[in-house]
Amino acid sequence: MRFETKAIHAGQDPDAATGAVIVPVYQTSTFLQEAIGRHKGYEYSRTANPTRRALEAAIASLEEGRYGLAFSSGVAATTAVFSALQTGDHVIVGDDIYGGTFRLLEKVFKKWVLAVSYADVDTLHSFNSLIRKKTRLIWSETPTNPLLKIIDIKKLSSVAHRHKVKLAVDNTFASPYFQKPLLLGADIVVHSTTKYIAGHSDAIGGAVVTNDEEYYREIKFYQNAAGAVPGIWDSWLVLRGIKTLAVRMRAHQENAVCLARYLSRHPKISRVYYPGLRASPGYALAKKQMQGFGGMISIELKGGRREVEKFFSSLKIFLLAESLGGVESLICYPSQMTHASMTYKERLKRRIRDNLVRISVGIENKFDLKRDLQQALLAV
Ligand SMILES: *Cc1c(COP(=O)(O)O)cnc(C)c1O
């Protein structure tokens, strides 16, 4: 089956008991046991729930993975992956990352004596040169947040595997429609399903996908033991979102290409980050390893915070808000929002300056979006 078909059917067989075409919301905490230890595969909803199970099967299938596990948030899924490590282990993390991942490593895992090094995502060599005897995991996003850099997953996986290190890729920005890291050699895929996968800005969730059975068992054990599972209703919402993932991603991309081209010619904008622009440093690699460029754009406005504030307050359709990947267009200010958990120095090192704006292009009409940007930039 191809992607669009799997999005609608994988893990989503009609309900055996009633014939319901849509997987029901099994809003129950517990399940009847006919006798001690004799049940239909479900005992307690933290451990397993049929609605969540359908979601896990669907996500695994879209990523071309064998096993999927759903979590209560992207951060909870990330926590699960880092929790599988031991005190004293070392991880290498691509330096252009979601602020919350950085905060989790710096403020939570470092306390547990996890050694963390940040590699410059612009070169594979920087990952390679940081490998030590205790390195267990390489973690990266691609496209990265917020600068939309592209990292060669295939090459990074050979660097990792040469040293018997696992590679985890946070695939949130691309979504499995545009990129399947497991097929490129990654061992673990992580998602904030809050974003494109759910797609409607109405649920928080996360997922881990892998082909490695032993690793799956370990994370599944952790999922139940630590307990950061998604609610049943939220699982259903994410599953519902998945059905339209393909059509939404195509629409996000069509609009993003149109706006990125427009913005890259605008005199009030000094720089546009979008891997789908031919002039972008990531273009050739993105074309090779992805099936599309996605719907995220970052721009640098000429000027600073004052100009950005004027721009934001003049927008009528784009909403100033954190998050991304929903049907509505959002705009955000990474230095004070998604990446506020980094210090000024950390942000500067990553080129997250006070004129950087991140845009999550929605699926509204692209001419309306362009006109909105046009009039707001005129006001700057
Ligand atoms: C949002 C996000 C996360 C965290 O996910 P939550 O669902 O907000 O916990 C992790 N990685 C990336 C790339 C994100 O955009």
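Strands are DSSP E runs of at least two residues, numbered from the N terminus.

A note on the source: this is a predicted model, where local features need pLDDT of at least 70 and side-chain atom pairs count only at pLDDT 80 or more, while totals for chains, interfaces and linings use all residues. Residues are numbered from 1 along each chain as its sequence is written, and side-chain values use heavy atoms, leaving out hydrogens and water.

Next I looked up the neighbours of strand 9. Strand 8 (residues 269–273) runs antiparallel to strand 9, joined by 4 bridges; pairing takes at least two DSSP bridges. I269 sits opposite L301. Strand 12 (residues 356–360) also pairs antiparallel with strand 9, over 5 bridges, and there M296 has S360 as its bridge partner.

Then I moved to the ligand. I count 13 residues around it, with V75, D170, S192, T194 and K195 coming nearest; the shell cut-off is a heavy atom within 4 Å. By type they split into 4 nonpolar, 6 polar and 3 charged, with Gly counted as polar.

Which side chain puts a polar atom 2.7 Å from a ligand nitrogen? That is D170. S192 has a side-chain N or O atom 2.8 Å from a ligand oxygen, and T194 has one at 2.7 Å from a ligand oxygen. The protein covers 92% of the 380 Å² of accessible area that the ligand has on its own (Shrake-Rupley, 1.4 Å probe).

Terms used. Polar contact = N/O pair within 3.5 Å; in protein donor to acceptor, adjacent residues only side chain to side chain.
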